[in-house]
Amino acid sequence: QSADHTPALVIGSGYGAAVAALRLGEAGIRTLVIEMGRLWEAPDSGGTVFCSMTAPDQRSMWFKRRTEAPLSTFLWLDVINKDITPYPGVLDRVRHPNMSVYVGRGVGGGSLVNGGIAVTPPRAYFQEVLPGVDADAMYGTYFPRANRMLGTATIPSDWFEGTEWYQYARVARAQASAAGLKTVFVPSVYDFDYMRREAAGTATKSALAQEVIYGNNHGKRSLDKTYLAAALGTGNVTIHTLSRARAIRRAADGSYTVTVDRIDTTGAVTATDEISCRALFLGAGSLGTTELLLRARETGTLPGLNAEVGRGWGGNGNVMLGRANHVWNPTGAHQSTIPVTAIDDWSNAANPVFAEIAPLPAGTETWASLYLAITKNPERGTFTYDAAKDAAVLNWTAGQSAPAIAAAKALFDRVNAANVTIYRYDLFGDTRAFAADFCYHPLGGCVLGRATDAYGRVAGYPRLYVTDGSLIPGSIGVNPFVTITALAERTMARVLAEDDVGR
Ligand code: FDA
């Protein structure tokens with residue numbers, strides 16, 4: 001065991017954590033970031049940092065014996081998942097009853113594995129979800145700041161209209177339009193100049209080489225290239241990898257001590273550190289932060305945490321589905337993995353849906369259109385602490401996914417009727433058309449203004465902060481990382497101005 005002290009400690013290295021690290025470092029505060037995953041920087045013997053979706057190896061998933069991709073079958077054939085050696089790979093699928101949650105593992109968190117879609121939510125819905133947050137400040141200052149730092153841009157439309165790599169998106173747009181639905185371009189953090197060079201054959205392909213959920217070797221501005229690079233550049237920030245925070249307690253002098261297990265690439269714990277800090281920032285994501293606080297409350301190390309810790313969880317109403325096109329409507333053997341369009345029917349009060357038009361980059365014609373629908377599912381889950389497993393367990397029933405499926409079905413029944421098409425029933429391992437038993441957008445668990453004050457300060461515990469997706473109460477109507485980033489910017493601006501964190 002080793003004991004250490006740092007003025008500021010940040011747990012995790014996803015969006016909320018990366019913002020905290022940068023702003024603390026800029027303020028001259030020595031900051032330690034601990035991340036349970038790897039640093040994804042060095043190529044392996046094959047010359048790449050990450051593996052592709054079509055040839056996954058041990059780098060693909062977090063300690064699994066077989067990959068667990070969202071689409072599990074094709075024409076009901078078990079051709080997608082592959083056996084792998086357990087290893088601290090970049091994508092995790094955390095299984096709770098009736099709901100699996102995909103999360104990124106490594107320096108950069110979800111930014112390493114996500115689709116890079118960088119959407120600012122419609123202002124009216126943001127205000128509905130977080131009425132305690134000043135929308136003028138968010139839309140005037142913090143959303144623009146987050147987008148600037150993340151490197152958000154929109155695909156040049158002339159290139160989009162002409163390239164074979166987005167035929168799938170143009171086909172899906174035309175079919176939505178036939179049903180009277182609006183489609184929009186969604187901004188992205190992928191470098192479209194780079195993508196054009198990929199298409200021209202002058203740059204190594206990444207988005208155009210079936211890379212995304214197991215990492216992109218090129219082109220994507222993940223957090224290690226933006227916020228975290230800038231944080232390290234302040235000279236005040238250090239990152240420890242393969243270090244998993246387990247327990248948090250508070251000393252009589254008001255400092256916090258975090259118990260951190262260091263693991264090796266087999267997952268074995270090789271050392272346990274006790275790290276004390278004056279200010280503690282939780283950026284371990286909706287599942288990670290909620291588990292740390294719930295465990296602290298239930299095991300009595302932070303007994304004053306309130307009853308809101310563990311409540312208000314939702315998967316952003318995520319539903320995945322595919323449609324089968326006619327043979328005269330091919331979606332293309334060549335598909336960019338980076339989505340750039342969505343069906344935007346959120347303003348439909350009776351059935352709000354924002355559906356990302358997703359690729360199915362199989363490398364061969366599939367005649368399939370794939371979507372990730374974001375729906376306004378009002379259901380919320382609660383976590384309970386399972387002492388035997390020393391873990392937080394999400395209480396979520398299959399019935400709680402039903403409103404999300406109904407909303408997606410109502411929209412896509414229209415698309416199918418207008419185009420005389422049907423759903424695909426072969427993609428999710430059985431005969432379902434809609435998959436709502438997994439999500440990519442875990443939100444909530446330590447909701448802003450309930451488990452914390454209006455700025456993410458944990459109720460009852462000075463200088464303990466939540467900065468990540470657990471602050472958002474289950475739904476935000478669009479892909480969430482821009483909102484998570486902007487809220488973290490708002491928290492850090494307030495905390496650094498008002499709280500005495502730097503010693
Ligand atoms: P995030 O999950 O990013 O980071 C938490 C970090 O903490 C992780 O690195 C984790 O390893 C670490 N950690 C957890 N527990 C720990 C512990 N106890 N000790 C140490 N470290 C710990 N969103 C979007 O806006 N556009 C998109 O296109 C997509 N697409 C997408 C695809 C896929 C496949 C996934 C999985 C997710 C998306 N998302 C997305 C969602 C988006 O990535 C997600 O909302 C954010 O990454 C959440 O940011 P957070 O800061 O909350 O945590």
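A: A definition comes first: a residue is buried under 20% relative accessible area, exposed over 50% and partly exposed in between, with a 1.4 Å probe and protein chains only. By that rule D499 is buried, because its relative accessible area is 19%.

Q: What kind of model is this, and how are residues numbered?
A: This is a predicted model, in which local features need pLDDT of at least 70 and side-chain atom pairs count only at pLDDT 80 or more, while totals for chains, interfaces and linings use all residues. Residues are numbered from 1 along each chain as its sequence is written, and side-chain values use heavy atoms, with hydrogens and water left out.

Q: Back to D499: where does it lie, and what does it touch?
A: D499 lies in the segment after α10. Helices (H or I, at least four residues) and strands (E, at least two) are DSSP runs, numbered from the N terminus. Not counting residues up to four places away in sequence, D499 touches R457, Y465 and R494; contact means heavy atoms within 4.5 Å.

Q: How many helices and strands does the protein chain have?
A: The protein chain has 10 helices and 21 strands.

Q: And what is its radius of gyration?
A: The radius of gyration of the protein chain is 22 Å, which agrees with the value near 23 Å that a compact globule of 503 residues would have. The radius is taken over C-alpha atoms, and the globule rule is 2.2 Å times the number of residues to the power 0.38. Along its principal axes, the C-alpha trace spans about 70 × 50 × 45 Å.

Q: How much of the chain is buried?
A: Of the 503 residues, 60% count as buried. The chain exposes about 17,900 Å², of which carbon and sulfur atoms supply 52%. Accessible areas come from the Shrake-Rupley method with a 1.4 Å probe, and for residues only the protein chains shown count as cover.

Q: What share of the contacts joins residues 24 or more positions apart?
A: Such pairs account for 72% of the contacts in the protein chain with a separation of 6 or more.

Q: Changing topic, how many residues surround the ligand?
A: The ligand is surrounded by 37 residues, and the closest are E35, G110, I117, G469 and F481. A residue is near a molecule or strand if one of its heavy atoms lies within 4 Å of it.

Q: Which elements supply at least two residues of that shell?
A: These are α1 (15–26), β4 (99–104), β7 (243–250), α8 (285–298) and α10 (481–498).

Q: How does the shell divide into nonpolar, polar and charged residues?
A: There are 15 nonpolar, 18 polar and 4 charged residues in the shell. Here Ala, Val, Leu, Ile, Met, Phe, Trp, Tyr, Cys and Pro count as nonpolar, Asp, Glu, Lys and Arg as charged, and the others, Gly among them, as polar.

Q: Which backbone atoms come up to the ligand?
A: Among them, a polar backbone atom of I117 is 2.8 Å from a nitrogen atom of the ligand, and a backbone N or O atom of G115 lies 3.1 Å from a nitrogen atom of the ligand. A polar backbone atom of Y15 is 3.1 Å from an oxygen atom of the ligand. The protein covers 94% of the 1,000 Å² of accessible area that the ligand has on its own.

Q: Now the loops. Where is T67, and is it buried or exposed?
A: T67 is in the loop between β2 (31–34) and β3 (91–96). T67 is buried, with a relative accessible area of 3%. Its side chain makes a polar contact with the side chain of N81 at 2.7 Å. A polar contact is a pair of N or O atoms within 3.5 Å; within protein, one must be able to donate a hydrogen and the other to accept it, and residues adjacent in sequence count only if both atoms are side-chain atoms.

Q: What else is in that loop?
A: L75 lies in the loop between β2 and β3. Phi of L75 is near 50°, a positive value in a residue other than glycine.

Q: And what about T301?
A: T301 is in the loop between α8 and β10 (311–314). T301 is partly exposed, because its relative accessible area is 30%. The side chain of T301 reaches the backbone oxygen of I248 at 2.7 Å.
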